[in-house]
Amino acid sequence: MRYGNGSSSAGLAALALLAGMATAGAQEVTGTWQRDTGASRVRFAKCGEALCGTISWLRDPNGPAKLGQRIFYDMKPNGANKWAGSAFNPEDGKTYSGTMTLSGDTLTTAGCIMGGLICRSVKWARTN
């Protein structure tokens, strides 16, 4: 079979490369991260087409947060080294619109209300 001048093959190859780059960028955040206070660690992994973060270690296992509790949901790429989804705060039991920004080995997460007018951010350091 003949497929023409090869431009469609080149186009498909370029799309595959771009898709791979987008996936690689999203996977940079996978792994375990420790909160700047040292109070907890969260493991980020793929969940479907997005990323989710689950508590993997707690300094105080008797607090409101629980091991295995998912606190970041449906985090999807939202720009270069940025993701957006939902963040659950075990301290108040509420879910907020969430964002993540990766800069080297520092991950900044934020939970926001009122359309992003009021946000609380937390810094995390890569542990793996």
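A pocket, as the word is used here, is an open set of grid points with protein on both sides within 12 Å along at least five of seven lines. In this predicted model, the largest pocket has a volume of about 580 Å³, and 28 residues line it. The protein itself is made up of one helix and eight strands, which follow one another along the sequence in the pattern α-β-β-β-β-β-β-β-β.

**Confidence and overall composition**

- The average pLDDT of the protein is 82, and 78% of the residues score at least 70.
- Residues 1–27 have a pLDDT below 50, and this stretch makes six contacts in the model beyond near neighbours in sequence.

**The largest pocket**

- Arg 35, Asn 89, Pro 90, Glu 91 and Arg 120 are the lining residues that lie nearest the centre of the largest pocket.
- Two or more residues of the lining are given by each of the strands S3 (50–58), S4 (70–77), S5 (82–89), S7 (106–113) and S8 (118–126), and the largest share, five residues, comes from S8.
- By residue class, the lining of the largest pocket divides into 17 nonpolar, five polar and six charged residues.

**Thr 32 in strand S1**

- Thr 32 is found in strand S1, which covers residues 31–35.
- With a relative accessible area of 17%, Thr 32 counts as buried, because the term applies to residues under 20%.
- Once its neighbours within four places in sequence are left aside, Thr 32 is in contact with Arg 41, Val 42, Arg 43 and Ser 56, and also with Ala 125, Arg 126, Thr 127 and Asn 128.

**Thr 108 in strand S7**

- Thr 108 has its place in strand S7, one of the strands that give two or more residues to the lining of the largest pocket.
- Apart from its neighbours within four places in sequence, Thr 108 is in contact with Thr 99, Met 100 and Thr 101, as well as with Ser 121, Val 122 and Lys 123.
- Thr 108 and Trp 124 are 16 residues apart along the chain, and their C-alpha atoms are separated by 6.2 Å in the model.

Key:
Residues are numbered from 1 along each chain as its sequence is written. This is a predicted model: local features need pLDDT of at least 70, side-chain atom pairs count only at pLDDT 80 or more; totals for chains, interfaces and linings use all residues. Side-chain values use heavy atoms; hydrogens and water are left out. On a 1 Å grid over the protein atoms alone, a cavity is a set of points where a 1.4 Å probe fits but cannot get out, and a pocket is an open set with protein on both sides within 12 Å along at least five of seven lines; lining residues have an atom within 4 Å of a point. Grid points are joined across faces, edges and corners, and a volume is the space filled by probe spheres set on the points. Helices (H or I, at least four residues) and strands (E, at least two) are DSSP runs, numbered from the N terminus. Ala, Val, Leu, Ile, Met, Phe, Trp, Tyr, Cys and Pro count as nonpolar, Asp, Glu, Lys and Arg as charged, and the others, Gly among them, as polar. pLDDT is the predictor's confidence in each residue, from 0 to 100. Contact means heavy atoms within 4.5 Å. Buried means under 20% relative accessible area, exposed over 50%, partly exposed in between (1.4 Å probe, protein chains only).
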